[in-house]
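Thanks for coming. I have one structure to walk through today, so please have a look at it before I start.

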Amino acid sequence: MTAGLLLRRLHAVGIDDVLQVDPLVEGMAAVAGLATRRSGTRVFVKTFAAPPADDLFAQEAEGLRTLRQLGGLMTPDVVHVARTALVLSVLHPRPQTPAFWERVAQALARMHMTTVSERYG
C-alpha cells in the first residue's frame, strides 16, 4: 500500500517517470520512500495518507531553503512541493568522524545565532 500511495502522489504532481518506489520506515504521521526515476536518479518522497488541509509541505520546503541560505549544513534540493507531497533530492551519508561532528556542531551554533524571520520552528 505504501509504495502504491507514494507512486500515485508522484504521478498526481506530474512525476511520471518512476520505475520503482522503495518504502522507508514511516514516521509518526508521514509515509515516505525512495523513488527511482527512469534516469537512474533517486528522490525522496513524503506524503500523508490523508493530506493536511494546510501547506505543511510548502512550509517544510521553505525551511529547507532557509537552512541552505544560511550555509554550513547540507540540505536536500526541493524537487517538487505540493499540498499532497514533498519530493526532495537524496543526500548521501557522510563519514561520522569527530571532525565531521565538530563541523556539524559549529554549523548548528551559527544557525541558532541567526534570525531570518520572526517565525521559528
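I will go through the sheet, then the helices, and finish with a single residue.

What you see is a predicted model.

Let us begin with the sheet. In what order do the five strands lie? Reading across the open sheet, the order is E1-E2-E3-E5-E4, and the pairing is antiparallel. Strand E1, residues 18–23, and strand E4, residues 78–81, are at the edges. Each has a single partner strand, so one side of each has no neighbour in the sheet. From one strand to the next, the twist averages 25°. For those new to this, strands of a sheet pair through backbone hydrogen bonds, either parallel or antiparallel.

Take one pair as an example. Strand E2, residues 31–37, and strand E3, residues 42–47, run antiparallel and are joined by six bridges. Within that pair, Leu 34 is opposite Phe 44 in E3.

Helix H1, residues 2–12, packs on this sheet and touches E1, E2, E3 and strand E5, residues 85–89. The direction of H1 makes about 135° with that of E1.

Which residues of H1 are buried? They are Thr 2, Leu 5, Leu 6, Arg 9 and Leu 10. Seen down the axis of H1, these buried residues fall within an arc of 135°, so they line one face of the helix. The buried residues of H1 pack against E1, E2, E3 and E5. On the face turned away from the buried side, H1 carries the exposed residues Arg 8 and Ala 12. After H1 comes Gly 14, with a positive phi near 95°.

Next is helix H2, residues 56–70. At 1.5 Å a residue, its 15 residues should span 21 Å, and the end C-alpha atoms are 21 Å apart, which agrees. The buried residues here are Phe 57, Ala 61 and Leu 64. They cover an arc of only 60° around the axis, which puts them on the same side of H2. What covers them includes E3, E4 and E5. Just after H2, Gly 71 has a positive phi of about 80°.

Is Ala 107 buried or exposed? Its relative accessibility is 1%, and buried means under 20%, so Ala 107 counts as buried. Leaving aside neighbours within four places in sequence, Ala 107 is in contact with Gly 72 and Leu 73.

That is where I will stop.

Terms used: Residues numbered from 1 in each chain as written. Predicted model: local features only at pLDDT ≥ 70, side-chain atom pairs only at ≥ 80, totals over all residues. Heavy atoms only, no water. Pairing = 2+ DSSP bridges. Helix = DSSP H or I, 4+ residues; strand = E, 2+ residues; numbered from the N terminus. Axes fitted to C-alpha atoms, helices over the stretch in contact; angles between N-to-C directions. Contact = heavy atoms within 4.5 Å. Expected span 1.5 Å × (residues − 1). Buried < 20%, exposed > 50% of the residue type's maximum accessible area, 1.4 Å probe, protein only. Arc of directions from axis to C-beta.
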